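Hi,

Here is the structure I promised to pass on. Have a look at it first, and my notes follow below.

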Number of protein chains: 4
Amino acid sequence: MKICVCVTARPSYSRLRSVLLALHAMPDVDLQLVVCASALLERYGSVVQQIEADGLPITERVWNVLEGETLETAARGTGVLLMDLASCFRRLRPDLVVANADRYEVLAVAQAARYSEIPLAHLQGGEVTGSIDDRVRDAITQLADVHLVSTARAAQRVLTMRYANLGRGVVITGCPSIDLCVGVEDEPPVTADELGGAGARMDLSGPFLALLLHPTTDTHAQSHAEAIAVLRGVQATGWPVVAFWPGNEAGADGVSKALRESQGWLHTVRNLAPRRFLRLLTQCQCLVGNSSVGIRECSYLGVPVVNVGGRQRGRERGPNVVDVGFVESDIYNAVTRQVAHGRYARWEGYGDGQAGQRVAETLVVVGRSAGQARATTERARVL
Amino acid sequence: MKICVCVTARPSYSRLRSVLLALHAMPDVDLQLVVCASALLERYGSVVQQIEADGLPITERVWNVLEGETLETAARGTGVLLMDLASCFRRLRPDLVVANADRYEVLAVAQAARYSEIPLAHLQGGEVTGSIDDRVRDAITQLADVHLVSTARAAQRVLTMRYANLGRGVVITGCPSIDLCVGVEDEPPVTADELGGAGARMDLSGPFLALLLHPTTDTHAQSHAEAIAVLRGVQATGWPVVAFWPGNEAGADGVSKALRESQGWLHTVRNLAPRRFLRLLTQCQCLVGNSSVGIRECSYLGVPVVNVGGRQRGRERGPNVVDVGFVESDIYNAVTRQVAHGRYARWEGYGDGQAGQRVAETLVVVGRSAGQARATTERARVL
Amino acid sequence: MKICVCVTARPSYSRLRSVLLALHAMPDVDLQLVVCASALLERYGSVVQQIEADGLPITERVWNVLEGETLETAARGTGVLLMDLASCFRRLRPDLVVANADRYEVLAVAQAARYSEIPLAHLQGGEVTGSIDDRVRDAITQLADVHLVSTARAAQRVLTMRYANLGRGVVITGCPSIDLCVGVEDEPPVTADELGGAGARMDLSGPFLALLLHPTTDTHAQSHAEAIAVLRGVQATGWPVVAFWPGNEAGADGVSKALRESQGWLHTVRNLAPRRFLRLLTQCQCLVGNSSVGIRECSYLGVPVVNVGGRQRGRERGPNVVDVGFVESDIYNAVTRQVAHGRYARWEGYGDGQAGQRVAETLVVVGRSAGQARATTERARVL
Amino acid sequence: MKICVCVTARPSYSRLRSVLLALHAMPDVDLQLVVCASALLERYGSVVQQIEADGLPITERVWNVLEGETLETAARGTGVLLMDLASCFRRLRPDLVVANADRYEVLAVAQAARYSEIPLAHLQGGEVTGSIDDRVRDAITQLADVHLVSTARAAQRVLTMRYANLGRGVVITGCPSIDLCVGVEDEPPVTADELGGAGARMDLSGPFLALLLHPTTDTHAQSHAEAIAVLRGVQATGWPVVAFWPGNEAGADGVSKALRESQGWLHTVRNLAPRRFLRLLTQCQCLVGNSSVGIRECSYLGVPVVNVGGRQRGRERGPNVVDVGFVESDIYNAVTRQVAHGRYARWEGYGDGQAGQRVAETLVVVGRSAGQARATTERARVL
């Protein structure tokens, strides 16, 4: 059975990794791994190298990101992706296409599969995060045949959206991104040498903060101002700070500009290998920003998080998260409080670390029944 | 206020016509009419000429249909449309984009607007027709800000899909396609000369059947066999038949082939002006096929309809429709029964013929509040 | 060695056929056959079926033709082709790409190869035909590394264009399209049944004319008027006429319209298998129109030709061709004269029927030396 | 008369600036300025801001650069540009399109105009530079109707390529890029503050070297190694160095990497306004690298230049240029010699500084005669 998974961004790979490894290990599965969009671009982290290091063969690569980082180029690049994936799926003839989560370009994955009449499985549907991502995620849900969701609440939302009578198509698997957290603290801590990067010097053996800030999609023009507020609030605490560059989105340039302007006092890092990144988070006193990592992985890892602004609005939270707005003093206070609290207990609301295997097994069942449905149709046509 | 409406196919224009005329007549509305996809192609009927005859200025044209009529080219052409509309919307800077119904390429309209952060109104959401169109229509609903729906049942479905708490964003306007039916019987009947076309001779002054058959999207390979079943059932009745060529879809070639093979005994027509088409329907004894015209417009006009197969599955029906499968004898029996019954009384379940004005007024209110929200944001940024 | 040949239209395949068969028969050549543009479209003749019947495996298919048949869609479709071929060449990694002749979309083949730094061989460069094709052909010549030309005059023109100092890169092979003519008269004649088609009845056992008219690219708006002139001149002779539909070009709709209007007295045919088409030409009294077949293949076959208008201007001619303008009476006179003359003797100015093998052998030598150059570079880099 | 000029890169604007200003000042010319490709991207210098500061209105913007900086993305992005320009030209209906020089994406400009049957003027054709640019430039020459060239040698080459009988279509105007040099030394010198940038501190009041290195297109994989050789040769001289980042090309990342690795001892600058850049060159002791600025503008300005490698091979040179290979010691020696020599006398081989006005006037004449030809055709059609 041919199962095609499209990886469109660095964080997507981290989330899909345990699923991909499980599928690759299955003898009767032909994994078709399509790497596209920012997952191919060096400046968003060498996902390709990670994939190759993980021993996964890349079946196809689609370069579709248009330079410019405007709303228009994001939409146009999605159009290019749709054009190419339609041809790619015709060549690969998968029995099942897997689309992941909610990035704007993933809708093109879903369209290409749906319009090509290939069964479509969607991972991480039914969640709520309070941004344009919600719209895209729900639109993908409407196009998908099968939904492998992280939580019961997500399952309920998918059922409601699809008018409740398709219980068979929704499976609660937990989130495979949590799988990456398993055993991460057994590894040696990240050192300053390993970290690399630019800006102020860092000593990771002492206490420090981690910062991971994305633009708030709906207000990209304000992204610079918002980043400045966060940076001032963090700077006021006096702790050393490791900041990561934002991903490939409208508004990212505003955040990047604010980071560049702060390189005198903070340390900037382009990226780490995913598990090393999680290891680093377990070392920091507190993660500040608006990444879903703070809500999902950090709840399992027990890392204190200050989540800023509305990007993760509506997402289910564990006890480790404190929410604040883009207000310098609030950010300062929240970070101080979280540092004082220290590590939290594990919370398994997003998964128990075994989701990858569970997702892979579900996909095989789904792909097989889709294949049988197709075979039945073909036989019926002959009769 | 700039309101941008995208017309992507001949039937779309018929449905949007009263809305467009109402918007064009409003002094404070700058109507931006974007004609794209098969609406630009001569072989699907000269929509452009109709638009110009209606006195509506065309703001932009986007040629995006890829030849081949395969699933792949349909998906690829949608990608091209998304690429171009993203640029088009940047140039036109509309305050509101209007997407209509459920054709696969309309999802590109919705994406281009949503990704460009332009408020999006969707017409005819919330309906159920039992094909891939349902998926696309519901995906567009997820991307839209405001929903102008035809029926109360459609409104309820949209609210459910969008989790019930956005009552303000759903307005029941009735379907503007019904507006075109108003007074159609006051016009002179269509004559054989006006009809034109090819194949067997037609005398429209006597009784005849009309046939309008589209491929069933999910089984396009079977479209030829299905068309043959319908044609044999119809031929058996012995009535003269006027058949219309199918639209631009995967599988259309199968239907067209069956029609070509039957040109010895039936009369084929490429298209008529929309109101003349409706006038012709009021002249026929029965409409056979699977067009939504049979369900919607014919319920208002009281034309007997034999609806074949699942293409309109789930759509609300008036009393004028008899449903059958692709079975020659069933089709024969149903047509005979409908011809015997004769005309039905008007049914206003899809609208009272005034929807266009109602939709236009709603769009203006929506566009204005969207504009105000934007102005407020801009003021806030300055402060 | 991997040699990639792109077929973009039905006539291109006819011309490349003997080359492709020769390459496919070579044990050390991996022929990569990419079928794209109108070569994939049923309404321009089922090239794909011919290719499969010839036992050639198709490596890749690219659907890029945009519907509309306007100048804009021709250009846009070429852009789509360039996008796709760039990815295609990256996947296929050919040692050599072969571009053929002068159709507007072939420039995209040349660009994709050149920009991808893959050696590019161009067939049929250096000719002169008096239309936009000249510009495109010469632009391709500028991008190509090696030129396999039909005649000595073509070789001289290529050398001049490329400033004379690259004699090694130009090889006179003759035109492979002539290969298809070899032995064609040994086959049974085409009958009316085999011919099929529509319009007036045909009896191919008696004398008849053949008509093959393309739009004159630079004056596409006039194509209908020009076709009418030709049709009237031909009709005046009183001979039965077999007309072929024009290919996929701006202006083709004007010619097609004129043909449709004449179906009362002429017989129209969509296409024949290439060799059957040539066989038919040997049966007719005279070929009328502006196809290059009249200049090239018919000179070898000795078929009398009346060549109308400037489309073939500048092309070398054998004794079998009479040139006239789009003037009804001139066309009438020329046809009458040619019918009276009867068959001509063979003229081998475009080739002796063995070009395919010669081209294939040259491509292998070229590909090998290109591969060696690359290997040398790679070794040099290591040192 | 509507004259459409496409600017595709920062250096293109510098070269076209005097032409654009002259066209904009002409009362009967409607200048349509289309900004596309890397000219829109901030990281290649804010061309848009320069254009706006020059008071030129931008008619259209086309984002087409695909991220990745591979050979494939360069080709694909050219395909996107062709798609969009075809539509752009249909909307703008220019009487004349102007394509400039030889960048790979400019071929799309030429194709879009040629395929749309719009007269095409080409600037800076007929030159020789010894890279893939030669192929692209010559291909554009084949597509163009009129050629406005810089030198008599270039005119001769264009005539030869186009078979000598079209003398009327070739006009020697001189190169408009030289116009930008006029009076540049009357402006105040560039200071370290104005320069900005990163890396080692610079004092521009003392002697220093300027470095502007692009990847050698045909050997992009070696670009890093080549850049290292140049940097070592320059570093050995002991002079302070101001280095500019390379433009948007395959291989640019290799050069950028080498520059980043050298930021300990050299100063890097993203860009300067064009005339300030030229002013800076008049301040330096010697320009090192492989930019055409060294060959063209510096010959007029009399700046000593060490030109490295084959990128400018074949380009006509003034006395100010010394050529060397990518050999550290040769570069060291050449720079030392040029610094010892000091400034050269003005050389006007590329123009006298008045080309912009001359080009603009020629374009108007060309556009007018093209318009008349078209009007004549239209009248002829009516008759």
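B:Arg276 counts as buried, because its relative accessibility is 15% and the cut-off for buried is under 20%. Please keep in mind that this is a predicted model. The residue belongs to helix 10 of chain B, which spans residues 274-283. Its side chain makes a polar contact of 2.6 Å with that of B:Glu194 and another, of 3.3 Å, with that of B:Glu187. Leaving aside residues up to four places away in sequence, B:Arg276 also touches B:Pro188, B:Pro189 and B:Val190.

Next, a sheet in chain A. Seven strands make up an open, mixed sheet, in the order 8-11-10-9-12-13-14. Strand 8 (198-199) and strand 14 (321-324) are at the edges with a single partner strand each, so one side of each has no neighbour in the sheet. Further in, strand 12 (residues 286-289) and strand 13 (residues 305-308) of chain A run parallel and are joined by 3 bridges. In this pairing A:Val288 stands opposite A:Val306. Helix 8 (residues 223-236) of chain A packs on the sheet, where it touches strands 9, 10, 12 and 13, and its direction makes about 180° with that of strand 9. Helix 13 (residues 328-341) of chain A lies across strands 9, 12, 13 and 14, at about 170° to strand 14.

What do chains A and B bury between them? The area is about 3800 Å², and carbon and sulfur atoms give 58% of it. Each side brings 39 residues to the contact: 39 from chain A and 39 from chain B. A:Met83, A:Tyr115 and A:Arg135 supply 20% of the area that chain A buries against chain B, more than any other three residues. A:Arg135 also forms a salt bridge with B:Asp145, with the closest N and O atoms 3.6 Å apart. On the chain A side, the elements that give two or more residues are helices 3, 4, 5 and 6. Helix 3 has the largest share, with 12 residues.

Helix 6 (residues 152-161) of chain D is worth a look too. Its buried residues are D:Ala154, D:Ala155, D:Arg157, D:Val158, D:Leu159 and D:Met161. Their cover includes helices 5 and 6 of chain C, together with helix 5, strand 6 and strand 7 of chain D. After the helix comes D:Tyr163, with a positive phi near 65°.

A:Asp102 counts as buried because its relative accessibility is 9%, and A:Arg137 counts as buried at 1%. In chain C, C:Asp138 and C:Arg157 meet at 4.0 Å, linking helix 5 to helix 6. Both ends are buried, C:Asp138 at 2% relative accessibility and C:Arg157 at 15%. D:Arg317 and D:Asp323 pair at 2.7 Å, and here D:Arg317 is partly exposed at 26%, as is D:Asp323 at 39%. There is also one network of salt bridges with shared partners, made up of A:Glu60, A:Arg90, A:Arg91, B:Glu72, C:Glu60, C:Arg90, C:Arg91 and D:Glu72.

Best wishes

Terms used: Residues numbered from 1 in each chain as written. Chains lettered and ligands numbered in written order. Predicted model: local features only at pLDDT ≥ 70, side-chain atom pairs only at ≥ 80, totals over all residues. Heavy atoms only, no water. Helix = DSSP H or I, 4+ residues; strand = E, 2+ residues; numbered from the N terminus. Buried < 20%, exposed > 50% of the residue type's maximum accessible area, 1.4 Å probe, protein only. Polar contact = N/O pair within 3.5 Å; in protein donor to acceptor, adjacent residues only side chain to side chain. Contact = heavy atoms within 4.5 Å. Pairing = 2+ DSSP bridges. Axes fitted to C-alpha atoms, helices over the stretch in contact; angles between N-to-C directions. Buried area = accessible area lost by both parts, 1.4 Å probe. Salt bridge = Lys/Arg side-chain N within 4 Å of Asp/Glu carboxyl O.
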